[in-house]
Amino acid sequence: MAPRVRFAPSPTGYLHIGGVRTALFNWLWARKNKGTFILRIEDTDQERSTEASKQVILDSLQWLGMDWDEGPLVGGNHGPYEQMARLPIYKEYAERLIAADKAFRCYCTKEELDQAREALKAKDPKAQFRYPGTCRARKDQPDKPSVVRFKAPTEGSITYVDKVFGEVTTPNAAQQDFVLIRSDGVPLYNFGVVIDDLLMEVTLVARGRDHMVNTPPQIMIYEAFGAKVPEFAHLPMMLAANGEKLSKRHGAVNVLEYRDQGYAPQAVLNYLVRFGWSHGDQEVFSLPGLVEAFSWEACGRADGRFDVKKFLAIDFEHLKSPELVPDEIYAKRVLPFLEKRGLTGIDGKGLDEAAVRRAIYTVRERATTFVDAADRLDYFFRAEPVMDEKAASKFLVRESAAHLRALADLLSGSPGSPGSPGLSGLSGLHGFLT
């Protein structure tokens with residue numbers, strides 16, 4: 001059976017590169033096995049979720065080239081693909097558990113639970129508060145607000161075989177009667193994600209190892225429905241260079257910042273895939289090469305530390321390779337950065353992509369990003385050269401004038417010759433020398 005996997009981000013801000021790494025592993029597995037990659041939007045945090053953030057997610061994945069088979073924009077047979085549009089579904093499945101005596105309505109108020117928590121703290125400051133089961137035996141009181149809690153088993157254990165971490169066992173005594181749905185009808189994470197994965201027929205859940213704590217209660221919910229439990233693969237974490245959790249204070253973590261800094265999208269994926277996966281000593285991959293080489297057996301358990309210099313080096317390896325970034329793709333990527341520099345082409349009517357493509361060979365071996373490439377290509381497409389005063393005073397001297405004038409005459413007459421990008425700045429140099 002072809003795998004069905006998903007990436008389910010929350011639209012509460014930018015798309016973190018750690019999230020992209022999770023999406024990438026799922027995408028690679030789906031593409032390698034001719035499976036289905038689902039994009040699902042978990043927008044239950046209504047205070048922070050925005051349409052703008054949702055659009056950032058879509059833009060980021062599209063820029064990276066990670067297409068999805070079901071989800072926003074493309075549809076599918078298992079929608080809706082946004083959780084707030086699925087509230088009636090969660091209510092229906094919660095009622096099924098209540099009817100089967102595997103869940104119950106809890107009428108405890110926040111104040112009552114806070115009082116119980118404070119009483120425990122006064123008795124034992126180190127004790128961890130657990131829901132005491134107050135409403136397990138209460139009868140329904142439809143006129144009172146309530147949440148729905150799962151009736152967690154107190155004996156036995158949950159065991160599953162993780163595709164990265166191996167066999168994992170958690171005693172049921174470590175669980176409590178956790179909330180499935182809040183009083184406003186919005187599901188909590190563990191319930192919403194199980195119902196969605198169940199109905200969308202997800203066969204493998206791959207995510208960061210920080211979610212391992214969520215796996216036992218999720219398996220309990222699957223088993224309560226008598227449903228087949230999917231496979232799980234938990235990925236090691238991406239950490240900052242100092243070992244802390246990677247965040248904005250450690251540098252760029254928004255994937256679109258790397259787009260704006262001129263990184264090649266497949267170089268971003270190439271760097272991210274090495275956090276938790278390896279293929280011998282190979283460092284540089286094409287996207288088809290990653291699909292072919294990927295396997296869960298090659299995933300490790302050790303957390304990785306983000307290295308800005310290594311990231312830039314991988315980008316450089318991609319940019320200097322015509323096989324990884326063909327000239328036509330290079331030209332399309334660098335063109336916006338040339339335009340940002342105020343360049344309008346030889347005739348002032350816009351940059352000529354064909355001319356840009358002809359100039360690429362001059363920067364391939366040196367430019368580390370498309371921004372760097374645009375800087376190095378600038379003089380080809382600027383009508384008037386920008387002179388460095390120190391360099392001009394050193395090289396543009398009377399003794400050199402005849403030679404430089406001859407060179408300008410020679411080159412300014414061949415703007416359309418093969419291999420020439422345009423050389424518009426040479427007319428300005430000619431004027432400077434005459």
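1. A crossing of two helices is called left-handed if the near helix is turned anticlockwise from the far one by less than a right angle, and right-handed if it is turned clockwise. Keep that in mind as you look at this predicted model, where α8 passes α10 in a right-handed crossing. The residues making the contact are Q266, A267, V268, N270 and Y271 on the α8 side, and K310, F311, I314, D315 and H318 on the α10 side.

2. Now for the angle between those two helices. Helix α8 covers residues 265–273 and helix α10 covers residues 308–319. Their axes come within 9 Å and cross at roughly 135°. Angles over 145 degrees would count as roughly antiparallel, and 65 to 115 as roughly perpendicular; α8 and α10 are therefore oblique to each other.

3. Stay with α8 for a moment. How many of the residues of α8 are buried? Nine of the nine are, so α8 is largely enclosed by the rest of the structure.

4. Next, please turn to strand β8, residues 204–208. This strand is mostly covered, with five of its five residues buried. From β8 the chain crosses through helix α6 (residues 215–224) to β9, and this β-α-β crossover is right-handed. The strands β8 and β9 (residues 231–235) run parallel and are joined by five bridges. To see the pairing, look for R207, which stands opposite H234 in β9.

5. There is also an open sheet of three strands to explore, with the order β3-β4-β7 and antiparallel pairing. Strands β3 (103–106) and β7 (179–181) stand at the edges, each with a single partner strand, so one side of each has no neighbour in the sheet. On average, neighbouring strands here are turned by 40° against each other, direction ignored.

6. Within that sheet, two bridges link β4 (residues 147–150) with β7 in the antiparallel sense. Which residue of β7 is the bridge partner of V148? The partner is I181.

7. F150 lies in strand β4 and is buried, with a relative accessible area of 3%. Leaving aside neighbours within four places in sequence, F150 is in contact with L97, K102, A103, F104, D177, F178, L180, M220, I221 and A224. For a sense of distance, the C-alpha atoms of F150 and A302 are separated by 34 Å, and these two residues are 152 residues apart along the chain.

8. A cis peptide bond joins G79 and P80, with omega at about 0°. L73 is found in the loop between α2 and α3 as well. L73 has a positive phi of about 80° although it is not a glycine. Is L73 buried or exposed? L73 is exposed, with a relative accessible area of 67%.

9. Finally, look at E201, in the loop between α5 (189–199) and β8. E201 has a positive phi of about 60° although it is not a glycine. With a relative accessible area of 44%, E201 is partly exposed; the label "exposed" is kept for values over 50%, and "buried" for values under 20%.

Note on methods:
Residues are numbered from 1 along each chain as its sequence is written. This is a predicted model: local features need pLDDT of at least 70, side-chain atom pairs count only at pLDDT 80 or more; totals for chains, interfaces and linings use all residues. Side-chain values use heavy atoms; hydrogens and water are left out. Buried means under 20% relative accessible area, exposed over 50%, partly exposed in between (1.4 Å probe, protein chains only). Helices (H or I, at least four residues) and strands (E, at least two) are DSSP runs, numbered from the N terminus. Two strands pair if DSSP finds at least two bridges between them. A crossover is right-handed if, with the strands pointing away from the viewer, the path from the first strand over the helix to the second runs clockwise. Axes are lines fitted to C-alpha atoms, for helices over the stretch in contact, and angles run from 0 to 180 degrees between N-to-C directions. Angles under 35 degrees count as roughly parallel, over 145 as roughly antiparallel, 65 to 115 as roughly perpendicular and the rest as oblique. Contact means heavy atoms within 4.5 Å.
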